[in-house]
Amino acid sequence: MIRYFLRRLLYAFPILIGVNLITFFLFFVVNTPDNMARIHLGVKHVTPEAIEQWKAEHGYDKPLFFNPQQTGVQTVTDTLFVDRSVKLFAFQFGKADDGRDIARDIKTRMWPSLAIALPVFVIGLLANITAALLMVFYRGTRLEYAGVAGLIALMSISGLFYIIAGQYFIAKLWQWLPISGFDGGIDAIKFILLPAIVSVAAGIGSGARWYRTIFIEEIGKDYVRTARAKGLSELRVLFRHVLKNGMIPILTGAVVVLPLLFTGSLVTESFFGIPGLGSYTIDAIRSQDFAIVQAMVFLGSVLYIVGLLLTDLSYTLVDPRVRLT
Amino acid sequence: MNFQPLFLWTDILVWLLVLACLTFGWTVARTPALRSSWHAVLARPMGMASLVVLAVFVFIGLADSLHYRARLDNGQLDVEVRSLLDKALGSLNERSERTYSAPLATHAQARETIEKPDGRQVRETPRLQHGGAHLADPEKDWLADVAVRTATGLMWGALVSLSLFMLLALLMRAVWRCDLKTAFARLWLPSPAAIAWRSLLMTGALILLATGVITSLAGGYHVLGTDKVGQDVLYQTLKSVRTGLVIGTLTTLVTLPLAIGLGLLAGYFRGWVDDVIQYVYTTLNSIPWVLLVAAAVLIVQVFIEQNESSFSSVAERADVRLLALCVIIGLTGWTGLARLLRAETLKLRELDYVTAARAFGVSGPRILTRHILPNVQHLILISIVMDFSGLVLAEAILSYVGVGVDPVMNSWGNMINAARLELAREPVVWWPLVAAFSFMFALVLAANLFADVVQDAFDPRVSKAAGDKP
């Protein structure tokens, strides 16, 4: 078991190196630092001196992979690649274009993200399972047919619509909740509620539909027939047997996204003005701050890989038949 | 010739795709197994209805994929690139107002200071230049005019529907070799095993009725209002259809070769090939999708800005950006299908018929194309139709993030993006948002329902699991 995890951890390294190569290639080879400087200084009226100065100020004035001006090991280490990509492995994210420390920003901004994403995740999971179970219980009836049609309709609506409609009706027209913003402590609840409602509504269409297929597949299995033959009520079969076995794919599917909750949701956070990592990223994309985007890509990949590891772990926890070697 | 055809990159690819679909249709018609599966799709009323809706969207999109530049009176080419759809919509594009006006309105939405003929200055909402301009006294005549136009539109819609029904019956009479009465009965009366003709007729009639009403009203009004710069919202929404369809389909063109090629190779050859391919898709997968797309689009944007001069028109620039977006989404989105195909190939390669083929000395590539590919075909098809709706929705999100299609291009994402500020106005401007959402909803819903039916018809697992009822 421990050996398995050590091996998986070692597998993670080549993947992270690959991620770094991709982002480095996209950001600094295809799109050279000169381009970046030009974007930030405005495309017109840029002198070469101004570009050099911008690059020096923001630490882009080194060669990409090989520095002939240095000697020994430094020819390789004193380069943009080491500065911008290798240092990510030590979680040294460097400075954003406006001079702020990215690592510190990430540390303060991940809590609001989590404050939104965690309730959304938990409530969403419960709502999806409840809806799916209800439909499985009423399977074959008109109620289920209407339910499935409703879910397909729900998942055909753009996620943006839920946000815009929620903000317009709940916050602006009826004024039940604040339209956007965030606050620490107990006040956070009233800011969290609206994004949570909206996100759960946006996710229930595809989520509940998927869980329904899982439960339906489960219900066709032999152990369900045995339970029914024993004379158990349908409700008991559903909750004691089908739910328990159906939870295996559901939980393991949910575990992957668990670490990614820290990075929050881009669209939700920027609509609701939540000072989390999602809005941080979207601001960085809009101002073309590649240092931040690169850091977020790296962070996202690390968390995804952690999620994959947790998934393996959760298999052994919920399903005793699985043994990792 | 008073116009010059212009082939945008996406136009060419769209028509190639149409060609590919026709070839596929021909193959289906000749293969009994595929034919029976598609027959099952068309036998379901839901499948037929969603197919009709999709066909209407595709029709609009294709009409918008034939571009040309008109030759002006002085012999020069117009800078503006227009499409067949623009031509068909006629004056809809040109009849613009100054700014916002509500659907079917006769007056602008906002008050302005107007000087009366006698020199007085009053604050009132001015009459629109085109919307309801034919009415002498809007307050008195408006309701009657709208009612008359709606009724005329409905009548035309009904008339066209009925004649098409007749035409179809006459046609089918020849195909089925029966008398007209039987042909009508077979078209109208539902029977579980046959093609759902009634669903086709009813959906078609509904769409024709709606088209009739809209066309009739559009003659005198802005049916869906006008936007900030006074452009007709109906026109914008219809132009956006093409953008959504292109993203939903051309992306697949990039995805499929990668997913099929790499998925089959990994599953069939295993060993180091499998390791490398798995490494590539795990790496791609581990990068947050929106960020990967955003990063790539930013690069393309920089590239386009630097080569501004090589595009002769705004439309061409926007088109290249749309194509780049499709390629980027495709390059980042093949991993799911590849993984699925790899797993399926791993299973298939151990089956007896593949082992037998190998024992006969059939080469690897031939086994893959002749024996494995046809048996994973249903997975590919299901994945194409399932992904389509997701891609249309993703366009809106990406446009919101700022890495979607070009801001000058008509797209539902851009319309929704603009609508955020409009909702904050007083009085509220809701129609561009509602228009974009309803069209997008219609397309995505039809695609989702269609995908559902296709999955039922092609996936042997689904029907087995759903068949067990207590």
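Select helix α3 (residues 45-63) and helix α7 (residues 197-218) of chain B: their axes come within 8 Å and cross at roughly 35°. Axes here are lines fitted to C-alpha atoms, for helices over the stretch in contact, with angles from 0 to 180 degrees between N-to-C directions. Helices (H or I, at least four residues) and strands (E, at least two) are DSSP runs, numbered from the N terminus. The crossing of α3(B) past α7(B) is right-handed, meaning that the near helix is turned clockwise from the far one by less than a right angle.

This is a predicted model, in which local features need pLDDT of at least 70 and side-chain atom pairs count only at pLDDT 80 or more, while totals for chains, interfaces and linings use all residues. Residues are numbered from 1 along each chain as its sequence is written, and chains are lettered from A and ligands numbered from 1 in the order in which they are written.

Now show the residues between the two helices. On the α3(B) side these are Pro45(B), Met48(B), Ala49(B), Val52(B), Val53(B) and Val56(B), and they meet Ser199(B), Leu200(B), Thr203(B), Gly204(B) and Ile207(B) of α7(B). Contact requires C-beta atoms, placed from the backbone, within 7 Å. This set has eight nonpolar, three polar and no charged residues. Ala, Val, Leu, Ile, Met, Phe, Trp, Tyr, Cys and Pro count as nonpolar, Asp, Glu, Lys and Arg as charged, and the others, Gly among them, as polar.

Next, select the sheet of chain B. Three strands form an open sheet in the order β1-β2-β3, with antiparallel pairing. β1 (3-6) and β3 (82-83) of chain B are at the edges with a single partner strand each, so one side of each has no neighbour in the sheet. Strands pair if DSSP finds at least two bridges between them; β2 (residues 67-70) of chain B and β3(B) are joined by two. Tyr68(B) has Arg82(B) as its bridge partner in β3(B).

Move to Gly364(B), in helix α14 of chain B. Gly364(B) is exposed, with 11 other C-beta atoms within 10 Å; the cut-offs are 12 or fewer for exposed, 20 or more for buried and partly exposed in between, with C-beta atoms placed from the backbone. Its C-alpha atom is 8.4 Å from that of Tyr268(B), 96 residues apart along the chain.

Finally, display both chains. The contact takes 40 residues from chain B and 45 residues from chain A. Elements giving two or more residues on the chain B side include α14 (364-401) and α16 (431-458). That side divides into 29 nonpolar, six polar and five charged residues.
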